[in-house]
Amino acid sequence: MALHAAWGWVLGAIVAETVAALALRASDGFTRPLPALFATASFACAFYLTSLALVVLPVSLVYPVWAGGGTAGAATAALWLYGERAGVRRMLGVAAVVAGIVVLNIAAPA
C-alpha cells in the first residue's frame, strides 16, 4: 500500500470517528436504536480504516492523529449540530489538539 493511501485511511478514520461521536450523542444513551446502530457502525469503520493505515504508518503517529483529529472534528461539529458553547478555553483546547497533530506530522520521519 502506498503512503498516500495510508494517509487517506487515516483521514477516513477521522471522519468516521467524528460521525460516530455525533451519532453517539444522538443515540441518547443508546435508547434510540437507529443513531446507536449508526454510532456502532461508524466506530467499527474508524477502527477498520485505522488498522489499514497501521500496515504502513507507525502507531506512534497514526493513533494521535486519528484520536486528535476525531476529537477536534467532533468538538467543532457539535458546535453547529448541537448548539454547544464555544468558549475561549474550549477553542484553545481544540487548537492545542490540532497544533499537536501538526507537530507530530512535521516531526515524522519521511
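These notebook entries record what I looked up in one predicted model.

**Conventions**

I number residues from 1 along each chain as its sequence is written. I note that local features need pLDDT of at least 70 and side-chain atom pairs count only at pLDDT 80 or more, while totals for chains, interfaces and linings use all residues, and that side-chain values use heavy atoms, with hydrogens and water left out.

**Entry 1: the chain as a whole**

I looked up the secondary structure and found 4 helices and 0 strands. The order of elements from the N terminus is α-α-α-α. Helices here are DSSP runs of H or I with at least four residues, and strands are runs of E with at least two, numbered from the N terminus.

I then took the extent along the principal axes: the C-alpha atoms fill a box of roughly 45 × 35 × 15 Å.

Of the 110 residues, 32% count as buried. Buried stands for under 20% relative accessible area, exposed for over 50%, and partly exposed for what lies in between (1.4 Å probe, protein chains only). I also checked contacts (heavy atoms within 4.5 Å). Among those between residues at least 6 apart in sequence, 65% join residues at least 24 apart.

**Entry 2: helices α1 and α3**

Two packed helices are described by the angle between their axes and the distance between the axes. For α1 (residues 3-26) and α3 (residues 59-81), I read that the axes come within 8 Å and cross at roughly 40 degrees. The axes are lines fitted to C-alpha atoms, for helices over the stretch in contact, and angles run from 0 to 180 degrees between N-to-C directions.

The two helices are therefore oblique to each other; the scheme counts angles under 35 degrees as roughly parallel, over 145 as roughly antiparallel, 65 to 115 as roughly perpendicular and the rest as oblique. The crossing of α1 and α3 is right-handed, a term for the near helix being turned clockwise from the far one by less than a right angle, with anticlockwise giving left-handed.

On the α1 side, the residues that meet α3 include Trp-7, Val-10, Ile-14 and Glu-17. On the α3 side, I listed among others Val-65, Trp-66, Gly-69, Gly-70 and Gly-73. The residues of this contact divide into 14 nonpolar, 4 polar and 1 charged. Nonpolar covers Ala, Val, Leu, Ile, Met, Phe, Trp, Tyr, Cys and Pro; charged covers Asp, Glu, Lys and Arg; the others, Gly among them, are polar.

I looked up Val-65, which lies in helix α3. Val-65 counts as buried because its relative accessibility is 5%. Leaving out residues up to four places away in sequence, Val-65 touches Trp-7, Val-10, Ile-14, Ile-101 and Asn-105.

Ser-60 is also in helix α3, but counts as exposed at 56% relative accessibility. Ser-60 and Leu-104 are 44 residues apart in sequence and 9.0 Å apart in space, C-alpha to C-alpha.

**Entry 3: positive phi in a loop**

Most residues other than glycine have a negative phi. Asp-28 has a positive phi, near 55 degrees, and sits in the loop between α1 and α2 (33-53). At 51% relative accessibility, Asp-28 is exposed. Phe-30, found in the loop between α1 and α2, has a positive phi of about 65 degrees. Phe-30 is partly exposed, with a relative accessible area of 47%.
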